[in-house]
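Me: I'm new to this one. Could you walk me through it, a question at a time?

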Amino acid sequence: MPIKLENVAIAVRDLDATIAFFTDLGLSVLGRDTVSGEWSDTAVGLDDNHVKIAMLQTPDGHGRLELFEYLHPDAIETEPTQPHEIGMHRVAFSVDDLDEALEVAAQHGCHPLRGVATYEDLYKLTYVRGPSGIIVMLAEELQHG
């Protein structure tokens, strides 16, 4: 059976701020909408489900994030996920220039959890705490040769 990853969906507390963070990093907005109705209640498993959504895409056209902000029912605040907790962990992006990406993230008040690491001689990478507590991995492939 063929299978293809469509997107990763993330509930956020402020859709506009989260869109700004990811578009500044280089993603583009494919579309925005407000979604509700019986089909949505059935698919999601919540009565009177009503959300604002945005679909974002990476420049290569392969990676997509669906961001959604709940209008109803009220969103439930949780503690930010820790890297060792079971469940949705992080979203990862490769970037051409990690320092530049970290400058963009910092403009949104988002900083590395600890610092920048080098994995063998292949990647410089870090985990950043993004909007709504989302963990975002940013990795720059180190050039060889």
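**Charges, pairs and layout**

Reply: Let's begin with a patch of negative charge on the surface, where Asp96, Asp97, Glu100 and Glu103 gather. A patch takes residues with over 30% relative accessible area and no salt bridge, joining like charges within 9 Å and nonpolar side chains (Val, Leu, Ile, Met, Phe, Trp, Tyr) within 5 Å. This is a predicted model, so local features need pLDDT of at least 70 and side-chain atom pairs count only at pLDDT 80 or more, while totals for chains, interfaces and linings use all residues. Residues are numbered from 1 along each chain as its sequence is written, and side-chain values use heavy atoms, with hydrogens and water left out.

Me: Is Asp97 buried, partly exposed or exposed, and why?
Reply: Asp97 lies in the loop between E5 and H3. The scale calls a residue buried under 20% relative accessible area, exposed over 50%, and partly exposed in between (1.4 Å probe, protein chains only). Asp97 has a relative accessible area of 34%, so the word for Asp97 is partly exposed.

Me: In what order do the elements run from the N terminus on?
Reply: The protein has three helices and eight strands. Those are DSSP runs numbered from the N terminus, with helices (H or I) of at least four residues and strands (E) of at least two. From the N terminus on, the order is β-α-β-α-β-β-β-α-β-β-β.

Me: How many salt bridges does a search of the whole structure find?
Reply: Side chains of opposite charge can pair when their charged atoms come close. To count here, a side-chain nitrogen of Lys or Arg has to be within 4 Å of a carboxyl oxygen of Asp or Glu. Searching the whole structure on that basis gives six.

Me: Which residue does Arg13 meet in a salt bridge?
Reply: Arg13 sits in the loop between strand E1 (8-11) and helix H1 (15-25), and its partner is in the loop between strand E4 (64-72) and strand E5 (91-94), 64 residues apart. The N to O distance is 2.7 Å, and the partner is Glu77.

Me: Which residues are joined with Asp99 into one network?
Reply: Lys124 forms a salt bridge with Asp99, with the closest N and O atoms 4.0 Å apart. That pair links distant parts of the chain, Lys124 being in strand E7 (residues 123-129) and Asp99 in helix H3 (residues 98-107). Salt bridges that share partners then join Asp99 into one network with Lys124 and Glu140.

Me: How much accessible area does the nonpolar patch on the surface have together?
Reply: The patch is made of Tyr119, Leu122 and Tyr123. Tyr119 is found in strand E6 (residues 117-119) and counts as partly exposed because its relative accessibility is 45%. Areas come from the Shrake-Rupley method with a 1.4 Å probe, and for residues only the protein chains shown count as cover. Together the three have about 270 Å².

Me: What share of contacts between residues at least 6 apart in sequence join residues at least 24 apart?
Reply: A contact here means heavy atoms within 4.5 Å. Among contacts in the protein between residues at least 6 apart in sequence, the share joining residues at least 24 apart is 54%.

Note on methods: Lys, Arg positive; Asp, Glu negative; His and termini not counted. Charge placed at Lys NZ, Arg CZ, Asp CG, Glu CD.
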